[in-house]
Amino acid sequence: MKIICVGRNYANHIEELQNERPDSPVVFIKPDTTIGQKNHPFYRPHFSNDVHHEIEVVVKINRIGKHIQPKFAHKYYQEIGLGIDFTARDLQAQLKAKGLPWEKAKSFDGATVLGEWFDKSTFSDLQNISFELQKNGQTVQQGTTAHMLWPIDELIAHVSEYFTLKIGDLLFTGTPAGVGPVAENDRLEGFIDGRSALTVSVK
Ligand code: ZN
């Protein structure tokens with residue numbers, strides 16, 4: 001399986017990193033080796049001194065598809081959850097400055113943390129899913145899918161123009177503002193529509 005990630009999908013996060021607003025979704029892929037073991041801590045990699053949390057709504061693909069039309073995209077997923085796209089921000093900044101790919105900063109072993117899955121029927125409005133990340137009990141990131149530049153179904157249509165979607169693939173839909181560094185012994189907890197969906201400690 002593969003993880004398809006969308007960058008710059010929330011205007012307030014684009015502003016905080018002083019990035020350009022893209023004309024079409026910014027997309028990158030993470031391999032399955034980036035997924036941390038369930039209920040294990042996140043270990044900060046030795047090559048970074050500035051690892052950031054990025055909380056994101058994640059969609060689990062449950063059908064094979066290519067060239068999916070937006071109006072049919074909802075048929076390609078049943079479960080939604082939260083994930084953290086840990087990012088070595090210092091390394092990413094160096095790579096970005098040179099116009100190089102981001103994989104070393106985002107796709108290292110353990111950089112992706114997943115939580116519980118929820119059937120999409122348990123959400124009152126997929127266009128307005130609220131979510132947040134707490135660090136040591138304090139809210140650091142907060143968002144709603146209503147503020148996505150490209151909503152879930154449009155993202156699926158877009159990425160399926162380039163990549164065949166397969167069963168079990170994950171779509172990370174972008175992070176809202178509030179990304180920041182993690183330190184040893186931090187405890188992160190994500191909530192989706194008020195439900196606890198993900199917890200991880202940092203080592
Ligand atoms: Zn991200």
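Mentor: Start with a definition: a residue is buried when its relative accessible area is under 20%, exposed when over 50%, and partly exposed in between. Keep in mind that this is a predicted model.

Now the pairs. The count comes to eight salt bridges. Take Arg187 and Glu189, whose side chains meet in one of them, at 3.5 Å from N to O. Glu189 has 16% relative accessibility, so Glu189 counts as buried, because the cut-off is under 20%. Arg187 has 46%, so Arg187 counts as partly exposed.

Next, Lys2 and Asp169. Their closest N and O atoms lie 2.5 Å apart in a salt bridge. Lys2 is buried, at 18% relative accessible area. Asp169 is buried too, at 1%.

Then look at Asp85 and Lys30. Their side chains form a salt bridge of 2.6 Å, N to O. Here, too, distant parts of the chain are linked: Asp85 belongs to strand β5 (residues 77-85) and Lys30 to strand β2 (residues 26-31), 55 residues apart. Asp85 has 0% relative accessibility and counts as buried. Lys30 is buried as well, with 1%.

Notes: Residues are numbered from 1 along each chain as its sequence is written. This is a predicted model: local features need pLDDT of at least 70, side-chain atom pairs count only at pLDDT 80 or more; totals for chains, interfaces and linings use all residues. Side-chain values use heavy atoms; hydrogens and water are left out. A salt bridge is a side-chain nitrogen of Lys or Arg within 4 Å of a carboxyl oxygen of Asp or Glu. Buried means under 20% relative accessible area, exposed over 50%, partly exposed in between (1.4 Å probe, protein chains only). Helices (H or I, at least four residues) and strands (E, at least two) are DSSP runs, numbered from the N terminus.
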